[in-house]
Amino acid sequence: MPLTTDYEESKKRGRTLTDPKMHAAVKTWIDYMLSELQLTSVGVVGFCMGGRYAPMVAARDKRIKACAAVYPSIENPRPAHHAEDALALAAEITCPVLVVQPGHDHVASPETYAALKQTLSKRSAPTIWQYYPDAEHGFMHRDAPPANPAASLIASPQLVGFFQGCLT
C-alpha cells in the first residue's frame, strides 16, 4: 500500500498487523542482513508502533546487538491484535536498550513507561532512558508544537550515537 499521512488511516492499517506476522517479516530481514549482506552486527529501532515491536524482536532474537524504542505504542490494556505482552518480553532482552519517552504521550501511559523502565532496569544489559517532558508522541515526525523539533534536535544524534556505540 502507498504511504499515508492520514492518522486515522494509519491506525486502521496498524490494527491489521499481528505479532506473529511482524516477527516473521523482521526475522527474514535480519537473516538477510546477516547472511546475504554479511553484516557483523544488527540493531533494531522502532518508532510508535515499531517502538513496541523493536523490544519484542530483541527479546526473541539474540542476534540483535542494540534495541531502540522511540515513543513505543504499548497500550494498556492490550488491543486484541496485540497477542504478546511487550512489557513482559522486555525482561528477556539481552542487548543494550534505549528508550525515548515524550512527556505527552496519548498512546502509552506514564504507568506503562514506569513498568517498562522497571523491567529493563532489572536486566544486566545497559538501559538508556531519554525523557522529553514537553514533547508529544511522534515528536520526531511532527513540527508542532515547538517542543517537538527542539526534542528531535537532542534525541536524533543520541539515537545515532547509541547505535554507533553498540554496533561497531
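## Values set against their criteria

Q: Why is L39 called partly exposed, rather than buried or exposed?
A: L39 has a relative accessible area of 37%. Buried requires under 20% and exposed requires over 50%, with partly exposed in between, so L39 is partly exposed. The model in which this value was computed is a predicted one.

Q: Are C95 and C166 buried or partly exposed?
A: C95 has a relative accessible area of 4%, and is therefore buried under the 20% limit. C166, at 24% relative accessibility, counts as partly exposed.

Q: What makes the contact between D61 and R63 a salt bridge?
A: The closest N and O atoms of D61 and R63 are 2.8 Å apart. The criterion is a distance within 4 Å, so the pair forms a salt bridge. D61 is buried, with a relative accessible area of 13%, whereas R63 counts as partly exposed at 31%.

Q: Why does the pair D85 and R78 count as a salt bridge?
A: The closest N and O atoms of D85 and R78 are 3.8 Å apart, and the limit is 4 Å; the pair therefore qualifies. D85 is partly exposed, with a relative accessible area of 35%, and R78 counts as partly exposed at 40%.

Q: How do you know that E136 forms a salt bridge with R142?
A: The closest N and O atoms of E136 and R142 are 2.7 Å apart, which is within 4 Å. E136 counts as partly exposed at 22% relative accessibility, and R142 is partly exposed with a relative accessible area of 35%. Salt bridges that share partners also join K27, D31, D61 and R63 into one network. By the 4 Å rule, the count comes to eight salt bridges.

Q: Why are β1 and β4 called edge strands of the sheet?
A: The open sheet has four strands in the order β1-β2-β3-β4, with parallel pairing. β1 and β4 (127-136) each have a single partner strand, so one side of each is left without a neighbour in the sheet. On average, neighbouring strands of this sheet are turned by 10° against each other, direction ignored.

Q: What makes β2 and β3 a strand pair?
A: Pairing requires at least two bridges. Four bridges join β2 (residues 64-70) to β3 (residues 97-104), so the two strands pair, and they run parallel. A68 has L98 as its bridge partner in β3.

How values were computed:
Residues are numbered from 1 along each chain as its sequence is written. This is a predicted model: local features need pLDDT of at least 70, side-chain atom pairs count only at pLDDT 80 or more; totals for chains, interfaces and linings use all residues. Side-chain values use heavy atoms; hydrogens and water are left out. Buried means under 20% relative accessible area, exposed over 50%, partly exposed in between (1.4 Å probe, protein chains only). A salt bridge is a side-chain nitrogen of Lys or Arg within 4 Å of a carboxyl oxygen of Asp or Glu. Axes are lines fitted to C-alpha atoms, for helices over the stretch in contact, and angles run from 0 to 180 degrees between N-to-C directions.
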